[in-house]
Amino acid sequence: MRIAVYPGSFDPVTWGHIDIIKRALRLFDKVIVAVGENPEKTPLFNIDERVFMLNESCKGIGNVEIKPFSSLLSDFVVSVGAVAIIRGLRAVSDFDYEFQLALANRKLAPLVETIFLLPDERFVYLNSTLVKSIARYNGKLDEFVPPVVKRMLKERFLR
């Protein structure tokens, strides 16, 4: 079985993330969505909430597993037996950062490839920061996030 890992903070998960998961499943037998704990970031949602949102958002999509991780990505990827890391590229501005990460991961796990996937054009501009800004001002979220995420964002910002 060819396994790929799609890592990220997913704070929160968007339709763009779901699109990348589905695209990765066209190439791999299984995709593990790795929800990372990044000590350099202060997430809106804790790791358990992010894992929950992803599990709910991926219901009905076969061969997807959601796992939290708090180690080096390369160590996590090797530990689950994956052959690839999936990364989404939205714009040229993403490339420099992603390229640096890919080269570092290649040094740390030489048998693991990094695969860059482009999202559907509808999601090229979409990111979690934008979604949180829209939610903060009670904007419409349907085109940006799955229903469970919309509900949890509204609950978080209504407090």
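**Reading the labels on this model**

Visitor: Why is phenylalanine 10 called buried?

Guide: Phenylalanine 10 has a relative accessible area of 3%, and a residue is buried at under 20%, exposed at over 50% and partly exposed in between (1.4 Å probe, protein chains only), so phenylalanine 10 counts as buried. This is a predicted model, in which local features need pLDDT of at least 70 and side-chain atom pairs count only at pLDDT 80 or more, while totals for chains, interfaces and linings use all residues. Residues are numbered from 1 along each chain as its sequence is written, and side-chain values use heavy atoms, with hydrogens and water left out.

Visitor: Where is phenylalanine 10 found, and what is its phi?

Guide: Phenylalanine 10 is found in the loop between β1 and α1, where helices (H or I, at least four residues) and strands (E, at least two) are DSSP runs, numbered from the N terminus. Its phi is positive, about 50°, although phenylalanine 10 is not a glycine. Asparagine 63, in the loop between α2 and β3 (64-69), also has a positive phi, of about 60°, without being a glycine. Most residues other than glycine have a negative phi, and most peptide bonds are trans.

Visitor: What kind of peptide bond runs from aspartate 11 to proline 12, cis or trans?

Guide: That bond is cis, with omega near 0°, and proline 12 lies in the loop between β1 and α1.

Visitor: What makes aspartate 11 and lysine 132 a salt bridge?

Guide: Their closest N and O atoms are 3.2 Å apart, and a salt bridge asks for a side-chain nitrogen of Lys or Arg within 4 Å of a carboxyl oxygen of Asp or Glu, so the pair qualifies. The bridge links distant parts of the chain, for aspartate 11 is in the loop between β1 and α1 and lysine 132 is in helix α5, 121 residues apart. Aspartate 11 is buried at a relative accessible area of 5%, and lysine 132 also counts as buried, at 16%.

Visitor: Which residues of α5 are buried, and how do you know that they are on the same side of α5?

Guide: The buried residues of α5 are Ser128, Val131, Lys132, Ile134 and Ala135. They cover an arc of only 160° around the axis, which puts them on the same side of α5, the arc being that of the directions from the helix axis to the C-beta atoms. What covers these buried residues includes α1 and α6.

Visitor: How many salt bridges does a search of the whole structure find, and what do glutamate 98 and arginine 87 show?

Guide: The search finds eleven, and among them the side chains of glutamate 98 and arginine 87 meet at 2.7 Å, N to O. Glutamate 98 lies in helix α4 and arginine 87 in strand β4, so this pair ties together parts that are eleven residues apart in sequence. Glutamate 98 is buried, with a relative accessible area of 7%, and arginine 87 is buried as well, at 18%. Salt bridges that share partners also join Lys30, Glu65 and Lys67 into one network.

Visitor: Why is lysine 59 called exposed, and why is glutamate 56 called partly exposed?

Guide: Lysine 59 has a relative accessible area of 59%, and so is called exposed, whereas glutamate 56 has 29% and is therefore partly exposed. These two residues form a salt bridge, with the closest N and O atoms 3.0 Å apart.

Visitor: What makes the largest nonpolar core, and how many residues does it have?

Guide: A nonpolar core is a set of buried Ala, Val, Leu, Ile, Met, Phe, Trp, Tyr and Cys residues joined through side-chain atoms within 4.5 Å; the largest has 35 residues, and Leu54 and Ile86 have the most contacts inside it. Among the elements that each supply at least two residues of this core are β1 (3-8), α1 (15-27) and β4 (84-88). Apart from it lies another core, of 13 residues, among them Val5, Phe69, Phe76 and Val77. Contact means heavy atoms within 4.5 Å, and, leaving aside neighbours within four places in sequence, isoleucine 86 is in contact with residues including Ala4, Tyr6, Ile20, Phe28 and Leu117.

Visitor: Which residues make the nonpolar surface patch?

Guide: Phe95, Phe99 and Leu103 make this patch of about 260 Å², the area coming from the Shrake-Rupley method with a 1.4 Å probe. Patch residues have over 30% relative accessible area and no salt bridge, and nonpolar side chains (Val, Leu, Ile, Met, Phe, Trp, Tyr) are joined within 5 Å, like charges within 9 Å. Phenylalanine 99, in helix α4 (residues 92-108), is partly exposed at 38%.
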